Amino acid sequence: MTNPRELWQEAFDASSIRNDKFQTMSGIPLEPIYGPEDGEFPGVYPYTRGPYASMYRSKLWTMRLFAGFGTAIDTNQRFKDILKSGGDGLSTAFDMPTLMGLDSDDPMSLGEVGRCGVAIDTLADMRDLFADIDLGGITTSMTINSPAAVLLAMFVAQAENAGVPRVKLGGTLQNDILKEYQAQKEFVFPPRQSMRLVRDTVAFTAAEMPRWNSISISGYHIREAGSTAAEELAFTLANGFAYVELARQAGLPVDAFAPRLSFFFNAHIDFFEEIAKYRAARRIWARWLSKRYGATSERSMQLRFHTQTAGVSLTAQQPEVNIVRTAIEALAGVLGGTQSLHTNSMDEALALPTERSARIALRTQQVIAHETNVTHVADPLGGSYYVEALTDQMEQMAEEIFAKIDEMGGGSMLEGCIVGIDENWFQGRIADSAYELERAFNRGERTIVGVSKFLEGNEEDQMETLRITNADEQKQRQRLASVKQDRNESAVLDALDRLAKDAVDPEVNLMPALVDASQVYATVGEMMNTMAGVFGRHIEVPTI
Amino acid sequence: MTTSDNQSLRVLVAKVGLDGHDRGVKVVARLLRDAGIEVIYTGLFQTPETVAAAAVDEDVDVVGLSMLSGAHMTLAPLVVQAIRARGADIPVVIGGIVPNHDLEELKAAGIAEILGPGAPASEVVEAVRRAAAGTSKV
């Protein structure tokens, strides 16, 4: 048996290393990793200290900035700016109607078109969104869940029309429907029918899109909705186990799709707890994939994650101070070994970010990456008595929650997650934790600078924020009307007809029908309504 | 302000439109309830019409809207209009993410109170009481 250091050394030697001087400012040369011979190592099971042996010495994290507003043409401009100023991945924010699978001309879309993201109705919008961007040369992340299969189909259709075959497309679909019922609440179909669509996207990408990550299992929204760090960790990984069980049920070998699962965590303001959370997440995932699900490929066991700083930690008061909060949170993500990072802009408790504030958010990452030298040594906090103890404690708390979910599911995490949603268990725990935090703030136990203390400066004029007018909504409705006028109506009806037929048979994969419907300019709303005709719609019972 | 002063108050808290962010509305519902106010929650994805109908049917003193998606300028005035169209005069309070440059127009559209991020429990309860008493600043 080779010892962990030898395993690490072997993996490290096989890694390509960035051209950089790995030393301190005073010239002290730095090892890529520090620790005892028999301890844990990055790139070595259970990966507590990082998924890769060389971590940021090989590749810095991807500086992925989430963007999208107004029409596809506006967002395309922002995408090009991001690529020009050194960002290397695109992350698409869709507007509320698109997230809910509605068209811009739906009565429920009133006032929401292009507000929180870009409005996509048809393939024509997808074409505008990625105009003059080489989809084979960058990675694209799409934050979409209920209509994830529809938007993936449209993306594939657009790329292929632009001459980029689907095998070349790299990126990530959020496609994490379980946390929608638990936390973010952008659901359309009932849970089990939604899971069928997840299965279809997982199977489709496993077969045809080797560079695509089919699900980004997201704790971010669970945390933003009010959970604790331990609940974020446990609910997210439990959802991950549920998707693993789903794909196994569909007959996919675990090592064929587990490498395509990635995670998305929050970076909140409790610095060390966040770092412990990331470390515990890697260790738990590796152990469960290996022990419970029988994975043998390293890639299946290596948890990789995207991080976003905590939107809820931002304040509307003295918004410039948010730059500081975001920098600290981003640093936690980096010290925790994130593969990609989004930093929030200082004005996001007020509105969508301006170009200037989004640039400062990117600069924050660049300072951490290029000025601080924190990238030289993997898992720099590993071995700290404190961080190691906290890591163990996060792991233990998560295991207690897994036991409860497993029990709810009668030995299945997939069933446990669905039952927990049906019984309002996740939702109730998140709401309880949110209220507990609020009460701590109201009791004066939690200080928020500029809100509960240190208020001098609050009266100064507020900063200019981005204004989005209803003109975009009008423009988008007109755009949709003209696309509908120009398309071949009977081709659309045929495509939707086939989609409905395919939806009835749970054994059929819906992706081919969705790609074909996209190609003839069926709208997002038409495809979703067609499926809702078969699947039904989910209604949440309101509880306080 | 004591809990008993609030006991006669009934508040409808609502999510209108497509915005599913329900952390704020639930926290506010619980803290109003803990302050002795009777709270009814509509649930997600309501329209201005369904909110107005519920407000009138439930005979509430105040309607609280939680809005974080940027649709407040369109939807909040429609809620006020829908309530008035039913011959009622129930004050509407908004909480959530509302940029400063929108405040004046929302007041002009008949919104009684607007609560920004970070408002403590005491301020939320005060705003609801002012709205109910008709003593909100115009």
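Q: How are helix axes and the angles between them defined?
A: Axes are lines fitted to C-alpha atoms, for helices over the stretch in contact, and angles run from 0 to 180 degrees between N-to-C directions. Helices (H or I, at least four residues) and strands (E, at least two) are DSSP runs, numbered from the N terminus. This is a predicted model, in which local features need pLDDT of at least 70 and side-chain atom pairs count only at pLDDT 80 or more, while totals for chains, interfaces and linings use all residues. Residues are numbered from 1 along each chain as its sequence is written, and chains are lettered from A and ligands numbered from 1 in the order in which they are written.

Q: At what angle do helix α9 and helix α16 of chain A cross?
A: Helix α9 (residues 229–249) and helix α16 (residues 413–422) of chain A cross at roughly 125 degrees, and their axes come within 7 Å. That makes α9(A) oblique to α16(A); angles under 35 degrees count as roughly parallel, over 145 as roughly antiparallel, 65 to 115 as roughly perpendicular and the rest as oblique. The crossing of α9(A) past α16(A) is left-handed, meaning that the near helix is turned anticlockwise from the far one by less than a right angle (clockwise would be right-handed).

Q: Which residues make the contact of α9(A) with α16(A)?
A: A contact needs C-beta atoms, placed from the backbone, within 7 Å of each other. From α9(A) come A:A238, A:N239, A:F241, A:A242, A:E245 and A:L246, and from α16(A) come A:M413, A:L414 and A:C417. Sorted by class, the residues of this contact are seven nonpolar, one polar and one charged. Here Ala, Val, Leu, Ile, Met, Phe, Trp, Tyr, Cys and Pro count as nonpolar, Asp, Glu, Lys and Arg as charged, and the others, Gly among them, as polar.

Q: How far apart are the axes of helix α19 and helix α20 of chain A?
A: The axes of α19 (residues 489–504) and α20 (residues 511–519) of chain A are 9 Å apart, and the helices pack at an angle of about 165 degrees. That angle makes α19(A) roughly antiparallel to α20(A). The crossing of α19(A) past α20(A) is left-handed. On the α19(A) side the contact uses A:A495, A:L496, A:R498, A:L499 and A:D502, and on the α20(A) side A:A513, A:L514, A:D516 and A:A517. This contact has six nonpolar residues, three charged ones and no polar ones.

Q: Where in chain A is A:K185, and is that residue buried or exposed?
A: A residue is buried if 20 or more other C-beta atoms lie within 10 Å of its own, exposed if 12 or fewer, and partly exposed in between. A:K185 lies in the loop between α6 (178–184) and α7 (191–208) of chain A. With 23 other C-beta atoms within 10 Å, A:K185 is buried. A:K185 is not a glycine, yet its phi is positive, about 70 degrees.

Q: What is the phi of B:F45?
A: Phi of B:F45 is near 60 degrees, again positive in a residue other than glycine. B:F45 sits in the loop between β2 (38–41) and α2 (48–57) of chain B. B:F45 has 18 other C-beta atoms within 10 Å and is therefore partly exposed.

Q: Which peptide bond is cis, with omega near 5 degrees?
A: The bond from A:Y45 to A:P46 is cis. A:P46 belongs to the loop between α1 (4–13) and β1 (62–67) of chain A.

Q: What does A:S297 touch, not counting residues up to four places away in sequence?
A: A:S297 touches A:D255 and A:P259. A:P259 is 38 residues away from A:S297 along the chain, and their C-alpha atoms are separated by 8.3 Å. A:S297 lies in the loop between α11 (271–292) and α12 (298–301) of chain A, and counts as partly exposed with 15 C-beta neighbours inside 10 Å.

Q: How many helices and strands are in chain B?
A: Chain B has five helices and five strands, which run β-α-β-α-β-α-β-α-β-α from the N terminus on. Its C-alpha trace spans about 35 × 30 × 30 Å along the principal axes. Of the 138 residues in chain B, 57% are buried. Among contacts in chain B with a separation of 6 or more, 72% join residues 24 or more positions apart.

Q: What is the radius of gyration of chain B?
A: Chain B has 13 Å, which agrees with the value near 14 Å that a compact globule of 138 residues would have. The radius is taken over C-alpha atoms, and the globule rule is 2.2 Å times the number of residues to the power 0.38.

Q: How many residues of chain A are in contact with chain B?
A: 34 residues of chain A are in contact with 29 residues of chain B. On the chain A side, α3 (96–99) and α17 (425–442) each supply at least two residues. The largest share of that side, five residues, comes from α17(A). By class, the chain A side has 19 nonpolar, nine polar and six charged residues.

Definitions and conventions: Contact = placed C-beta atoms within 7 Å.
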